[in-house]
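Hi,

Here is the structure I promised to pass on.

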Amino acid sequence: MFRPSLLVVGLAAVSLPAVAEDSFDVEGGFAAFENLFGVTEGMRRNHTKGFCVEGVLTPEDSAILEFSNSPMFKGASSVIARVSHKGGKSAPADDKYGLLGLSMQILTSDDDLHVIAMNTEHFFPVSNSEAFIELLRAKSSGGESVKAFAIANPSLRKYSEYHGGLDKTLRPYEGTKFFSVNSFLLVNEAGEETAIRFDFRPSGEEGIVVPTHPNFFLENIQANIANGGVSWDMVITLANPGDVVDDPSVQWTGTHTEIVAARFTAKTAMAENDGQCDEINYDPLILSQGFAPSGDPMLEARSQIYAHGISQRLSEKE
Ligand code: HEM
């Protein structure tokens, strides 16, 4: 397993920033979230509102084994997931369309750990972590600063045009598709590497089945689980030659090979206080054998800021 540096606290995997990345200011970046959204003590500063979902990940198409020898694709793994609203506000409304997140800590049958943290954006507004923090700061300063930022960062306009054109129908987590955004590498038995992105697609048509109100998402997924099942297919997209791998603001377009590698089936869902997800650090650099980080430096920045976040919020609970 690739783990940046790992301290395991019960089921909570906490990665600590062992090697400081020269360019990324972790504390300054963290403060940018706090300035924009405010501070909800003891809670995450981004993706603040969420709840836990537990279930199982099972292999699907064995074609993936040609590219990766991850144990995730060889047998059933247990999953502690967290679904969330993107952003650091403490109480975004479930009954209004917004961007969402799905994170998973996957424990394979041979005790390998794999972490995934996705959101509903198809690609990122900016190409690197420094620019993202600058964007948060511009948002805190107001409309003129964001306009100036957009002029200096043309990727933001592409992002806004594309995402502005997407269907904004209100859907529950279990009816929503989530994207890796950053790229990773698959590694096979022979050590050969293949660049990939992936997404999780609802396997069924699970929709809204309870009366909507600002906090209906948990009841809704519980009802859908009781009604016969909630699951997502993990679809892995292999990079074509020439695809930009290390910049998450560049979309992969055109025809690609896709492999339905696994399926995540939710078994139960519960509030954070009643589940195990609150204490998990969903660090995207905790990877099982058969995976490796791509050269995208945003992964390292995410790993560092998430480690800072978990130590901060757990210390606030003491
Ligand atoms: C430079 C880019 C990014 C920064 C600075 C950043 C920052 C953060 C921070 C500060 C948190 C809260 C962590 C905590 O306190 O535990 C967070 C959570 C999260 N981020 Fe990011 N993020 C970035 C990129 C991304 C991308 C590209 C995705 C998705 C593809 C993503 C998905 C998530 C998710 C799903 C969570 C919630 C995880 C959970 O439930 O614990 N982030 N992010």
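I call two residues in contact if their C-beta atoms, placed from the backbone, lie within 7 Å. By that rule, and leaving aside neighbours within four places in sequence, M104 touches V79, A81, V115, I116 and F264.

Two housekeeping points. This is a predicted model, where local features need pLDDT of at least 70 and side-chain atom pairs count only at pLDDT 80 or more, while totals for chains, interfaces and linings use all residues. Numbering starts from 1 along each chain as its sequence is written.

M104 is also among the residues with the most contacts inside the largest nonpolar core, along with A81, L102, I221, F264 and A269; that core has 71 residues. (A nonpolar core is a set of buried Ala, Val, Leu, Ile, Met, Phe, Trp, Tyr and Cys residues joined through C-beta atoms within 7 Å; buried means 20 or more other C-beta atoms within 10 Å of a residue's own, exposed means 12 or fewer, and partly exposed is in between.) Helix α6 gives the most to this core, with 7 residues. Helices (H or I, at least four residues) and strands (E, at least two) are DSSP runs, numbered from the N terminus.

H47 is buried, with 23 other C-beta atoms within 10 Å. D111 has a positive phi too, near 65°, but D111 is exposed, with 8 C-beta neighbours inside 10 Å. You'll find D111 in the loop between β5 and β6.

Now helix α5 (residues 217-226): F217, L218, N220, I221, N224 and I225 are its buried residues. They line one face of the helix, because seen down the axis of α5 they fall within an arc of 160°, taken from the directions from the helix axis to the C-beta atoms. That face packs against β3 (50-59), β10 and β11.

Finally, β10 (residues 230-238) pairs antiparallel with β9 through 7 bridges and with β11 through 8; pairing takes at least two DSSP bridges. R197 partners T237 in β10, and S231 stands opposite T265 in β11.

Cheers
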